[in-house]
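Thanks for making the time this morning. I would like to walk you through one structure, going from an annotated stretch to its surroundings, so please have a look at it first.

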Amino acid sequence: MHENIEDLTHLQKLETSTVLQCLRSRYKQKQFYTWAGPTLVALNPLKDVPGLYSKRMMELFAHESFTYKTPHVFALGQRTLRHLQWGLGKTHQAIVVNGESGAGKTCNALYLLSFFAAMETNNNEVPNSDNIEVLLCRSNPLLEALGNAQTLRNENSSRFGKLIRLVYIGEGANTQLVSAHIETYLLESTRVARQAAGERNFHIFYQMLAGLPESTKAELDLLNVPKWSIASERDCNAMDEAHFHVTVAALEQLSLEDTTQQLWKLLAALLHLGNVEFVVNKEANSWTTDQQNHLESAARLLGLNSNELFQLFTVRHFQAGSKSPAVVRPCSSQNECATRRDTLIKLLYRMTFDTVLENINRKLQHAVDSTFTIPKYLCILDLYGFESFEYGNSLEQLCINYANERLQYYFTVNYLKEQQLHLANEGLTAIKLDENALDKQNLISFLDGPVSVFGVLNEECYLNRGCDDSQVCIRIQSSLNERTRGVKSMPPSPRMPRSSKIKAPPVEFAISHYAGLVSYSTVAMLDKNRDYIPTEMVSALSKSRNYFVKLLLGKDALIVNATHTMNGRRHTVLAKFKNSLDNLMRILNVCDVHYIRCIRPSLSAPYYTTSPSQRWDEDYVDAQLNACGVIDTIKVSSFGYPIRMSHEEFASRYKYLSTKRPKESIEAIEICREITESYVQLQNEIRVGKSQMYATEKGIELAERWKFRIRHQAASVIQRWWRERLRRQRAAVTLQNWWRTVVRTRAVNRVKRWWKRKRSTAQMLSKVRQICVSVRIVQRTVRRWLIRTRAIRQKSAQISLPSTDSVAQVVADESCDHDVKLQVSPKWAENNNCAKLTQSPNLISLQLSRTNFFYSVGVISIRRPPTVRARFITRKTCLPFSFIPPRSQLPSGLTDAYL
Ligand SMILES: Nc1ncnc2c1ncn2[C@@H]1O[C@H](COP(=O)(O)OP(=O)(O)OP(=O)(O)O)[C@@H](O)[C@H]1O
């Protein structure tokens with residue numbers, strides 16, 4: 001029934017049982033993530049799930065439309081990144097990952113980090129080895145080696161809280177990761193000197209013992225030692241050697257090679273120090289040791305004198321005032337010596353951890369020019385989860401549970417209560433909250449107020465009046481009972497049951513945390529809180545010949561000075577922790593906080609062996625859901641509006657959704673109303689408040705999707721219009737080209753025709769010219785022939801020339817032309833001199849108008865040019881010839897006659 005519900009707020013019945021049922025069925029189906037409103041519930045698969053965090057998944061979730069639907073750690077990452085990029089809600093964003101130890105906080109925080117790194121690499125295309133995201137991922141194995149350890153609950157438990165602050169600049173898609181900073185909280189440094197049964201020291205010791213080459217081990221005197229009391233070599237596992245190489249590679253990649261050798265030296269010194277035991281010399285009223293070789297080695301590695309080092313552990317220095325001389329006394333017990341030795345071990349380890357972290361931060365830090373760009377922060381907080389052991393909860397658990405209490409309170413008050421009040425003020429549906437949840441506020445003041453657990457512990461440390469553990473316990477119990485009196489929802493802290501037979505003084509007090517009742521032991525609590533570092537220890541270290549030790553101390557000396565109260569007293573561990581948490585809360589206050597609640601399905605199920613259904617422990621999960629406040633979150637989130645923005649911002653962002661044309665005079669709130677009213681689906685998701693807009697994630701998702709669609713459509717219209725315009729332009733150009741071609745073709749044809757005409761006239765003229773030449777040649781030839789012939793005749797034959805009259809007569813007879821007849825009378829001819837005697841005596845030619853007469857040797861020829869036009873036919877051969885019609889077609893008047 002609840003199998004496919006991806007958001008617990010959509011459950012019909014909002015009860016713990018239905019929530020559990022839904023989560024269990026999803027876990028069986030290997031659906032490890034579920035939304036609880038804006039919060040992500042992450043169930044620990046307890047083993048690697050193929051493909052769940054692959055590159056392909058990252059690409060899928062980087063796509064916008066996936067963000068709301070599918071619950072996944074990448075979906076939350078993408079949502080947070082979008083809030084940061086597009087300025088939805090507050091400028092800065094934070095993701096709080098919490099849950100109990102082994103629930104999967106570190107894994108989820110790392111997956112988030114790798115997702116943000118992948119998003120950056122996508123933006124930059126070519127990943128550069130100096131890029132922040134690359135450096136961040138490289139620094140992780142080093143921090144894990146120094147700060148993680150195997151506990152009863154988790155093989156790789158982070159023994160420090162971590163706030164990774166990613167610094168971005170730019171807007172929208174141009175937002176870019178430019179810098180980062182890692183801040184740590186409460187490193188469990190007691191672990192370095194002592195560990196609970198079945199647990200291990202920090203990984204780095206085992207990695208070093210398994211992975212260091214023999215030559216280096218010999219240099220550090222680490223060979224042939226049967227047992228290391230702070231980190232037994234027998235506890236080394238198969239993976240330590242491989243992890244050693246990863247750690248060394250991380251140190252190299254972060255360019256911390258100089259630190260590497262010093263780091264091995266210092267850690268080896270700590271191993272040797274741990275082996276130093278103390279034996280009392282009653283006669284001399286002093287202390288000696290059987291492990292002189294370890295003491296010598298430690299002193300050599302730390303650059304100290306071995307005697308001076310031993311004195312630090314066995315001799316106390318007292319100083320009544322700043323001017324009075326110090327009084328020197330040997331330590332009263334073996335325990336005291338061991339405590340002083342452990343103090344040095346813890347101090348050196350803590351300083352090493354801080355120095356490595358500082359080096360990493362220096363690498364990650366890039367100067368951001370905030371004059372032009374406002375840096376935006378994306379913080380990932382991976383803080384230890386709520387802890388409660390059956391026995392021996394001490395100062396560490398008190399701090400851890402206090403931090404969780406404050407985070408939960410922040411969520412309850414700053415998120416739930418603030419929402420309730422705010423929405424009521426805005427005239428929107430008010431949220432009904434469980435009043436008990438709000439009363440948790442009182443518990444914080446029970447823990448850190450003036451009359452409180454912290455108050456008593458700090459006061460005893462400052463007064464230093466030699467209060468024993470049970471007296472401290474009684475004081476705490478009475479202060480708690482006094483404070484809880486009259487507060488109904490807060491049951492008085494129960495006294496731990498005492499055995500009726502043994503009337504032992506009380507050393508345990510209990511606090512009813514939001515996640516359950518936890519009993520704390522006051523044994524050694526004051527010492528832990530005091531965290532006393534003898535001044536002679538600091539001054540001895542400052543004289544060390546090892547520059548690395550001096551370097552570490554130089555930093556810590558500053559911290560020591562800075563952590564003194566106004567009265568000149570050193571800050572206690574609790575006071576320092578409270579301060580750092582106050583800072584953390586200040587950071588969270590300026591951020592939009594997103595939550596990942598990690599749930600471990602079973603405490604006892606062995607890894608890799610059981611099926612998902614076997615790994616499910618209903619009571620255990622139920623306790624964690626309550627401890628994380630998931631049920632409260634679901635109730636509030638089902639009618640909460642986590643995203644807020646001003647009317648102006650909303651109107652300018654989503655004005656595209658408005659169906660009316662924008663007018664300048666219209667107010668932003670009116671546009672907002674118009675938008676929310678015109679979309680039915682938005683009415684319950686986005687509300688118009690009196691001072692600002694309220695929206696759910698879903699509402700913004702819908703609005704963004706519609707805005708995107710509208711803009712897409714508008715872009716399509718513009719593109720279509722533009723393409724149409726381009727097409728028209730191209731068509732106009734085509735038409736113009738065609739018309740110009742037509743005009744040019746016509747012009748060319750005209751010129752061609754003109755040229756053709758011109759050429760044919762020229763040809764005709766040349767033909768006429770040729771004809772004329774031919775005619776002249778013929779004439780000349782004929783004339784010559786006539787002259788020659790006449791000459792021959794005159795010479796050889798005795799032929800008398802006919803008289804001019806007879807010729808004229810013949811002409812007149814032969815001629816049909818009356819004019820000619822008239823004209824050609826002998827007299828007329830002679831008178832008009834038209835009959836000429838050529839040079840040849842045998843040739844007479846007579847020229848009349850339009851008619852030529854030739855007479856020679858008895859033959860008379862009358863030639864009259866035809867009245868018709870001569871036709872000339874030209875062929876391609878260009879050989880002109882005149883068309884001479886047959887005689888029958890000759891015009892009358894043209895004859896050849898023989899005399
Ligand atoms: N998403 C996951 N996929 C696969 N295995 C996981 C996942 N989350 C957690 N685990 C497994 O659970 C173990 C514990 O997870 P993790 O170290 O993240 O817990 P934690 O809450 O950080 O614990 P602690 O507070 O002690 O550091 C991991 O070593 C891993 O084997």
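Let me start with Gly 99, which, leaving out residues up to four places away in sequence, touches Gly 104, Lys 105, Gly 385, Arg 597, Cys 598, Ile 599, Gln 624 and Cys 628. Please keep in mind throughout that this is a predicted model. Gly 99 sits in the loop between strand E3, residues 92–98, and helix H5, residues 105–124, and it counts as buried because it has 26 C-beta neighbours inside 10 Å, where 20 or more is what the term requires.

Not counting residues up to four places away in sequence, Thr 106 touches Ser 158 and Asp 382.

Now, which residues come nearest to the ligand? Of the 22 residues around the ligand, they are Gly 104, Lys 105, Thr 106, Cys 107 and Ser 157. The elements that give two or more residues to this shell are H5 and strand E5, residues 157–158, and H5 supplies the largest share, with 3 residues. By class, the shell holds 11 polar, 7 nonpolar and 4 charged residues.

With strand E6, residues 161–169, E12 pairs in the antiparallel sense over 7 bridges, and here the bridge partner of Leu 163 is Leu 381 in E12.

Finally, a word on Arg 138, which is found in helix H6, residues 132–147. Is Arg 138 buried, exposed or partly exposed? It counts as partly exposed, because it has 19 C-beta neighbours inside 10 Å, and a buried residue needs 20 or more. Leaving aside neighbours within four places in sequence, Arg 138 is in contact with Ala 250, Gln 253 and Leu 254; Ala 250 is 112 residues away from Arg 138 in sequence, yet the two are 5.7 Å apart in space, C-alpha to C-alpha.

Conventions. Residues are numbered from 1 along each chain as its sequence is written. This is a predicted model: local features need pLDDT of at least 70, side-chain atom pairs count only at pLDDT 80 or more; totals for chains, interfaces and linings use all residues. Helices (H or I, at least four residues) and strands (E, at least two) are DSSP runs, numbered from the N terminus. A residue is buried if 20 or more other C-beta atoms lie within 10 Å of its own, exposed if 12 or fewer, and partly exposed in between; C-beta atoms are placed from the backbone. Two residues are in contact if their C-beta atoms, placed from the backbone, lie within 7 Å. A residue is near a molecule or strand if its C-beta atom, placed from the backbone, lies within 6 Å of it. Ala, Val, Leu, Ile, Met, Phe, Trp, Tyr, Cys and Pro count as nonpolar, Asp, Glu, Lys and Arg as charged, and the others, Gly among them, as polar. Two strands pair if DSSP finds at least two bridges between them.
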